[in-house]
Amino acid sequence: MSSFLETIGEALIAYWSSPLTLSVVAVCGACMGTLLYVFVTNARNAKLRVSLLTGLYALSIFFWAFVAVSFSLCAAEARMVAYAHNGVPMAVLGAVAGGSIATGSISAIVWRYGNAAVIRRFAPRELHDDERWLQQFADLLREFEGIPPVHLRLVESDEALALAIGGKERNVLVSRGLLSILEKDELETVAAHELMHLKHHDAEFKVFSRVLSRILFFDPFSKFFDPAVHREREYLADEMSGRATGKPAALASALLKLAARNAPTKASWGLSISGPGHGVFSRYPPLDERIHRLLLLSDLLARG
Ligand SMILES: [Zn+2]
């Protein structure tokens, strides 16, 4: 038994001191460092920051998958890794291939099933006749924006919720609580905000990022990336909604009304249009910054 453990120990030492293994880790680290640098130095470019975070997420999954496959290979094929001439390079190649396959499969499964799970949780109903005007508005806007058909549905809840769910069937869910507190043009800007999430595939990515950060609970990077992705995507959807409807001030007013209500329950954090929290671990940008940007956009559009 002890010689078996010794062999694994030798395999691990040979593996983790090999230039090839260290190069994979160094390249991964350098890519993440570069993306982080560009991210930090582009504070106002929401579109770029969203892409950078997506890249960082993928690299972070790959890194952990690579480490996990490396340890499994070293344990399973300890003798080969420790003593065979080509043992270490073979194991590194195996770990890179295994890491990539694991990254792809985890992503595909979460992408495919994450959205359906969210819909089940909120159990929405079809819109009634007096609510159908919102679907008509959404149809008009999504056709103009080149977004495939979107199904608006209502959640029977007093909480003020608005969320977009992507995937094969695109849904925007609004709650009775939301309809009862917002004016018509405020509701339109909120619906436009959710449609913009669908246009940029944020809806899929938000669910993807949320589920993934739970699977990768031990990954310190995902604790930072998951909320950061949400924050950047909120800024972007706010801006695009303001531009598409021409009423950024109405969205600002809607956000203020939502903030004055009780915070949504934890189940809808990070999914609905607004929620609590500040700082690097919050899924929402600071409310005053969102309002500030929307009012600036409003001033700009008024000058045009
Ligand atoms: Zn949003």
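I first looked up the crossing: H6 passes H8 in a right-handed manner. A crossing is right-handed if the near helix is turned clockwise from the far one by less than a right angle, and left-handed if anticlockwise. Helices (H or I, at least four residues) and strands (E, at least two) are DSSP runs, numbered from the N terminus.

I noted that the contact involves Leu134, Phe137, Ala138, Leu141, Arg142 and Glu145 of H6, with Leu187, Glu188, Ala191, Ala192, Leu195 and Lys199 of H8. Residues are in contact if their C-beta atoms, placed from the backbone, lie within 7 Å.

I noted the source next. This is a predicted model, in which local features need pLDDT of at least 70, side-chain atom pairs count only at pLDDT 80 or more, and totals for chains, interfaces and linings use all residues. Residues are numbered from 1 along each chain as its sequence is written.

I then turned to the sheet. I found 3 strands in an open sheet, ordered S1-S3-S2, with mixed pairing; two strands pair if DSSP finds at least two bridges between them. Strand S1 (150–155) and strand S2 (162–165) are at the edges with a single partner strand each, so one side of each has no neighbour in the sheet.

I looked up S1 and S3 (residues 170–175) together: they run parallel and are joined by 6 bridges. His151 has Asn171 in S3 as its bridge partner.

Key. Two residues are in contact if their C-beta atoms, placed from the backbone, lie within 7 Å.
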